[in-house]
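Reader: I would like to learn how to read features off a model. Please take me through them one at a time.

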Amino acid sequence: MSEDELKFLKMRKMLELQRRLLERKARALRREPDYLQVFLEHLTDDGKEMFRRAKEQYPVVARKIAESIGRLFVQGRIRGVLDARAIYGIFAELGYPIRLKTKIVYKKKGEVKTISELLREED
């Protein structure tokens, strides 16, 4: 094998290696973003709390909804941030109402009592 043929083979091998490296880099850039993370970045603090409650009650559904909304943010079809009211509305509209802990209190003369405390006092 002559010296020129050897140089040619080396250059050809180098070009092949460069092409593979570029393909690998291009594949890494084409990966889809983490839609769940995109969704979480577009939530207010109370929105994150509402989503946490939704995840506790509907773990699989909440993840799918979050990924779908994250995809819409990436596509540019939704802009801005989502608060607790928006998250609650989305889940309710889809048939998954988020149950919230509520407490009814009674205030009289500066005293705050729950309904259960008032009922116990009456007995």
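This is a predicted model: local features need pLDDT of at least 70, side-chain atom pairs count only at pLDDT 80 or more; totals for chains, interfaces and linings use all residues.

Reader: How should I read the buried side of a helix, and which residues of H3 are buried?

Author: An α-helix has 3.6 residues a turn, so residues three or four places apart point the same way. In H3 the buried residues are Gly-47, Met-50, Phe-51 and Ala-54. Viewed down the axis of H3, they fall within an arc of 100°, so they line one face of the helix.

Reader: What do the buried residues of H3 pack against?

Author: Their packing partners are H2, H4 and H5.

Reader: Next, aromatic rings. How many aromatic pairs does a search of the whole structure find?

Author: The search finds two. To read such a pair, take the distance between ring centres and the angle between planes; an angle over 60 degrees counts as edge-to-face. For Phe-39 and Phe-51 the centres are 5.0 Å apart and the planes stand at 70°, so this pair is edge-to-face. Phe-39 belongs to helix H2 (residues 35–41) and Phe-51 to helix H3 (residues 45–57), so the pair ties together parts 12 residues apart in sequence.

Reader: Are Phe-39 and Phe-51 buried or exposed?

Author: Relative accessible area under 20% means buried. Phe-39 has 1% and is buried; Phe-51, at 3%, counts as buried.

Reader: Which residues form the edge-to-face pair with 5.2 Å centre to centre?

Author: Tyr-58 and Tyr-96 form that pair, with 70° between the planes. The pair links distant parts of the chain, 38 residues apart. Tyr-58 sits in the loop between H3 and helix H4 (59–75), and Tyr-96 in the loop between helix H5 (84–93) and strand E1 (105–108). Tyr-58 is buried at a relative accessible area of 15%, while Tyr-96 counts as partly exposed at 31%.

Reader: Now strands. How many bridges join E1 to strand E2, and how do the strands run?

Author: For strands, read the bridges and the direction. Four bridges join E1 to E2 (residues 111–114), and the two run antiparallel. They form a hairpin with two residues between them. In the turn, Lys-109 has a positive phi of about 55°.

Reader: Which residue in E2 does Val-105 stand opposite?

Author: Val-105 faces Thr-114. Thr-114 counts as buried at 18% relative accessibility. Beyond residues up to four places away in sequence, Thr-114 touches Lys-103, Ile-104 and Val-105.

Reader: Last, a loop residue. Where is Asp-83 placed, and what does its side chain reach?

Author: Asp-83 is in the loop between H4 and H5. Its side chain reaches the backbone nitrogen of Ala-86 at 3.0 Å. At 33% relative accessibility, Asp-83 counts as partly exposed. Leaving aside neighbours within four places in sequence, Asp-83 is in contact with Thr-44, Asp-46 and Gly-47. Asp-83 and His-42 are 41 residues apart along the chain, and their C-alpha atoms are separated by 8.9 Å.

Conventions:
Residues are numbered from 1 along each chain as its sequence is written. Side-chain values use heavy atoms; hydrogens and water are left out. Rings of Phe, Tyr and Trp (its six-membered ring) pair if their centres lie within 6.5 Å; planes under 30 degrees apart count as stacked, over 60 as edge-to-face and the rest as tilted. Buried means under 20% relative accessible area, exposed over 50%, partly exposed in between (1.4 Å probe, protein chains only). The arc is that of the directions from the helix axis to the C-beta atoms. Contact means heavy atoms within 4.5 Å. Two strands pair if DSSP finds at least two bridges between them. A polar contact is a pair of N or O atoms within 3.5 Å; within protein, one must be able to donate a hydrogen and the other to accept it, and residues adjacent in sequence count only if both atoms are side-chain atoms.
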